[in-house]
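Please examine the sequence and the three-dimensional model shown here. The explanation that follows leads through one part of the fold step by step.

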Amino acid sequence: MLLSVTTVFGRLHPVLVHLPIGILLIGILLQWLHNRESHAVSIQVIKIVFLTGMLCAWISCLTGYVLSTSGDYEEGLVDWHMWMGIAVAVTSSLIYWKIVRQETDILYKGLSILLLLLIMITGHLGGSLTHGSDYLTAAL
């Protein structure tokens, strides 16, 4: 029974992983809009978005770890995907911490750019795990 519960928990990863991707990308967009007079997004809204995205990222890390123990995936690629996913969760946590402390300095902006890059790399690695490393180029 316990094995089946953890198996189901791990198999939720492909479904749950899309939440932090979307939420954190919206957070980055809202950060960018926050500095535009015509849009002036509230920092409180940005804080809630990053809190939600950060929590979803950590939950995705947990489900991904459980899924990785199944042995159904290429170990080297899983390791890279896992560490990049953890980097997404850590970076989103740091951004949230900077927002809570109201420190929207150069480090805050740099972390946002880093987060965008990490999301793209992690997503690509995850796609390679599920669809194969040549998924994007096979049609060419």
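In this predicted model, helix 4 passes helix 5 in a left-handed crossing. The axes of the two helices come within 9 Å and cross at roughly 155°. Since angles over 145 degrees count as roughly antiparallel, helix 4 is therefore roughly antiparallel to helix 5.

Which residues of helix 4 and helix 5 meet? From helix 4, the residues involved include Ile43, Ile46, Phe50, Met54, Ala57, Cys61 and Tyr65. On the side of helix 5, they meet residues among which are Val78, Met82, Ile86, Ala89, Ser93, Tyr96 and Val100.

Helix 4 itself comprises residues 43-68. At 1.5 Å a residue, these 26 residues should span 38 Å, and the end C-alpha atoms are 36 Å apart, which agrees with that expectation. At the start of the helix, a side-chain oxygen of Ser42 reaches to within 3.0 Å of the backbone nitrogen of Gln44. The buried residues of helix 4 include Ile46, Val49, Phe50, Gly53, Met54 and Leu67.

Is Asp72 buried or exposed? Its relative accessible area is 58%, and because a value over 50% counts as exposed, Asp72 is exposed. The C-alpha atom of Asp72 is separated by 28 Å from that of Leu24, a residue 48 positions away along the chain.

Technical notes
Residues are numbered from 1 along each chain as its sequence is written. This is a predicted model: local features need pLDDT of at least 70, side-chain atom pairs count only at pLDDT 80 or more; totals for chains, interfaces and linings use all residues. Side-chain values use heavy atoms; hydrogens and water are left out. Helices (H or I, at least four residues) and strands (E, at least two) are DSSP runs, numbered from the N terminus. The expected span of a helix is 1.5 Å times one less than its number of residues. Buried means under 20% relative accessible area, exposed over 50%, partly exposed in between (1.4 Å probe, protein chains only). A polar contact is a pair of N or O atoms within 3.5 Å; within protein, one must be able to donate a hydrogen and the other to accept it, and residues adjacent in sequence count only if both atoms are side-chain atoms. Axes are lines fitted to C-alpha atoms, for helices over the stretch in contact, and angles run from 0 to 180 degrees between N-to-C directions. Angles under 35 degrees count as roughly parallel, over 145 as roughly antiparallel, 65 to 115 as roughly perpendicular and the rest as oblique. A crossing is left-handed if the near helix is turned anticlockwise from the far one by less than a right angle, and right-handed if clockwise. Contact means heavy atoms within 4.5 Å.
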